[in-house]
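Good morning, and thank you for joining. Please look at the sequence and the structure as they come up, and I will then take you through the main features.

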Amino acid sequence: MNGKFGFAHTRNGIALPARDVPELPLPDFRHAVIEAAANGDRVAALFGHVNPAASGLEVYAIISDSLNARLHVGKARLESDRYPALTPDCPQVHLFERELAEQYGVRPEGHPWFKPVRFHASYRPGQDAWSRPEGSAPVVGVTDFYRVEGEQIHEVAVGPVHAGIIEPGHFRFQCHGEQVYHLEISLGYQHRGAERSLAGGPHRRTIHTLETVAGDTSVGHTTAYCLAVEALAGGHLSARAEVLRGVALELERLANHTGDLGALAGDVAFLPTAAYCGRLRGDFLNLTAFLCGSRFGRGLVRPGGVGFDLEEGRQAQFLERLEAAERDVTVAAELLWDSASVQARFEGTGTVSPKDCLELGLVGPAARACGVECDVRQDFPWGVFRFVQIPVSSWDTGDVFSRAYVRWLEIQRSVEFIRAQLQSLPGGSLRRALGPLRAGHLAVSLVEGWRGEICHVALTDEQGRIARYKIVDPSFHNWSGLAMALRNQQISDFPLCNKSFNLSYCGFDL
Amino acid sequence: MLRATIARLKQGHRTIPYPAEEPVLPDRFRGLPVLDSARCADDCRACADACPTEAIIREGAVNPAGAGLRLDLGRCLFCTDCQEACPAGAIRYTQDYRLAARNRQDLVLDGQTLKLASALNEKSRRVFGRSLKLRQVSAAGCNACEADLNVLSTVVFDLGRFGIQFVASPRHADGIVVTGPVSENMRTALLETYAAIPAPKLAIAVGACAVSGGPYAGNPEIHNGCEALLPVDLYIPGCPPHPLTILDGLLRLLGQIEGDRR
């Protein structure tokens with residue numbers, strides 16, 4: 001059972017008994033995670049769990065090994081309130097360690113950027129990583145911000161409330177004139193207790209919480225949740241349900257990528273594409289509503305299958321509307337690539353190097369725009385993607401152009417995928433009843449949402465209830481990418497760079 | 001330039017004829033639920049037990065003479081878990097997208113017709129009726145309500161033609177539009193933004209979260225919506241509300257749509 005580094009291994013959406021997850025001595029655990037990342041694997045999740053049957057804090061690591069489509073799972077036990085941080089040797093866990101510290105009051109010693117993530121009190125009363133007095137509520141946004149010193153340095157603070165209709169977050173720029181030396185992103189404003197509320201479930205609210213973890217990624221997050229609980233309950237989905245989930249996921253990608261191209265056009269004052277894509281995004285959302293009644297895919301993905309069918313009488317109209325939207329989005333996108341004024345603003349703006357991308361563990365279109373070919377649909381295929389491969393779209397310039405162009409490539413691949421699926425929609429029941437979750441098991445699920453890798457981990461207790469549910473939205477990895485993209489850019493390029501990532505605040509804050 | 005012109009011609013005119021014409025919603029759209037408590041068995045609580053947000057109040061056994069089945073649209077996620085759980089067909093979701101109300105208690109359906117939002121009084125309409133500038137604050141919203149507010153400014157809905165516009169600065173605004181259950185971490189920012197809007201001002205709660213906390217109601221990290229923090233003038237239910245539900249609510253508030261008209 002034990003594979004790489006003494007960790008157990010599993011696959012996407014396959015449960016394993018929790019007792020099979022090896023507990024390593026802390027030095028070995030640290031070594032395993034650091035080595036894995038150094039050898040090109042990614043840390044998909046690193047999180048704590050208080051097991052009432054055992055002492056101390058259990059720290060789980062999920063290592064994703066894309067070459068072998070394997071997920072390596074291991075844990076360590078922290079008895080002390082401090083441990084030597086992994087971040088100095090493994091930068092991609094920097095936020096995971098901060099999160100661990102904030103949630104469970106353990107201090108990663110030597111962490112170079114040791115600040116709160118979401119500004120909430122520790123889950124273990126009396127144990128606080130910053131030694132704040134018990135009962136004192138942390139105040140959001142109050143932390144030690146990084147400062148650049150110098151007579152001509154000025155600081156610009158933006159948010160939490162921004163100019164448009166957008167979620168809140170705080171951004172601090174250290175500038176020399178127009179030039180940004182450093183951008184610090186401080187979030188936590190959206191913290192709703194989403195992840196914490198899932199413990200003890202599944203209950204009536206669970207699926208609705210998952211649908212709103214990031215409301216623009218309802219299909220992505222509910223698919224990840226369903227994969228996890230279906231792995232824990234056992235049994236198989238019908239081929240039809242698998243395909244419909246895949247179609248819904250690609251529709252979600254189409255709507256958001258199209259909206260992003262429009263928003264990027266808007267930020268460089270190229271109004272034609274901004275106006276067209278604003279409308280076309282709605283056309284894809286309406287297509288989702290044609291399938292399930294909700295523009296955001298609410299009610300569509302359910303444990304055991306899907307809530308709605310794309311029956312034969314609906315398919316012709318569905319295809320017709322998909323193709324009309326594709327025609328128009330092609331015109332709108334090609335205008336972008338044909339306009340020198342747009343290209344002049346997109347090219348060379350907000351560049352992230354492949355090295356930074358890999359070190360920070362970026363995911364999704366942001367990583368593929370750095371030439372890093374990671375895509376869960378290809379690397380850890382689940383459902384319909386085990387049988388139908390969507391080519392990975394990448395570009396290698398790492399700039400705003402690259403992130404825009406990868407989206408355009410993906411729009412084309414997603415339309416092709418949906419069209420092909422509708423030509424031979426397999427039969428089968430839409431949904432089957434799910435049995436109880438197996439007690440004392442752990443399941444990891446990965447889904448390629450439109451922003452990138454969504455990772456969920458579900459751990460059940462001895463009664464088969466969810467003891468710990470971990471959600472890693474792609475934004476959790478990628479906000480650091482945006483901070484890097486702003487280095488040495490003009491501050492006036494921030495909206496453009498921000499839009500080229502278009503990350504989730506609530507998916508990060510949970 | 002020529003390409004842009006050709007593209008423009010290809011894209012055509014896209015603004016919907018609403019409100020002059022009745023809009024077409026997808027056939028699976030879930031709008032206003034209709035209740036028929038006459039079908040309820042006295043001791044049946046299937047709907048209330050299925051509801052994820054305690055939106056359904058069942059008092060059949062306790063109060064057989066009164067309204068035995070009530071549904072709070074302010075809490076409702078329009079998920080239809082209740083409709084599926086009901087053995088008697090007492091709850092049915094219709095395609096009616098008109099849901100906005102002026103008073104919180106008007107959102108509690110008890111089998112009567114929903115009292116849709118009435119217009120502001122004449123004095124307020126003189127101030128806001130022809131030009132309403134709104135500042136939006138997402139207070140832990142999931143970006144679905146935000147997205148369907150944003151869409152009102154696209155060419156499809158063209159909010160500007162009704163004299164309504166979202167503005168960047170609260171100083172330029174006549175009112176606030178709140179989305180999200182209001183996290184503790186957004187409470188101060190929300191209240192400060194509201195305070196920065198010059199009086200007289202309006203407050204509009206959009207979506208189940210802003211009205212009641214939605215799927216997060218009761219979590220210690222949030223304030224169950226903005227009602228306890230601001231004097232709300234318009235409640236727009238939904239998770240998220242359809243853009244037409246929001247637009248209908250805004251136009252009713254301004255007196256541009258009245259009565260049973262769609």
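Predicted model: local features only at pLDDT ≥ 70, side-chain atom pairs only at ≥ 80, totals over all residues.

**Salt bridges, interface and sheet**

Over all chains, a search of the whole structure finds 53 salt bridges, a salt bridge being a side-chain nitrogen of Lys or Arg within 4 Å of a carboxyl oxygen of Asp or Glu. Residues are numbered from 1 along each chain as its sequence is written, chains are lettered from A and ligands numbered from 1 in the order in which they are written, and side-chain values use heavy atoms, with hydrogens and water left out.

One of these salt bridges joins A:Glu211 to A:Arg302, with the closest N and O atoms 2.9 Å apart. This pair links distant parts of the chain, 91 residues apart: A:Glu211 lies in helix H3 (residues 206-212) of chain A and A:Arg302 in strand S12 (residues 301-302) of chain A. Helices (H or I, at least four residues) and strands (E, at least two) are DSSP runs, numbered from the N terminus.

Let me turn to the interface. Here 61 residues of chain B are in contact with 57 residues of chain A, contact meaning heavy atoms within 4.5 Å. Between them the two chains bury about 4600 Å², 52% of it on carbon and sulfur atoms; buried area is the accessible area (1.4 Å probe) that two parts lose on being put together, summed over both. Of the area that chain B buries against chain A, B:Gln11, B:Arg28 and B:Asn185 supply 17%, more than any other three residues.

Which side chains meet in a salt bridge with an N to O distance of 3.0 Å? They are those of A:Glu311 and B:Arg28.

In chain B, three strands form an open antiparallel sheet in the order S2-S3-S5, where two strands pair if DSSP finds at least two bridges between them. Strand S2 (56-58) and strand S5 (108-109) of chain B each have a single partner strand and stand at the edges, so one side of each is left without a neighbour in the sheet. Strand S3 (residues 69-72) of chain B pairs with S5(B) over two bridges in the antiparallel sense, and B:Leu71 stands opposite B:Leu109 in S5(B).
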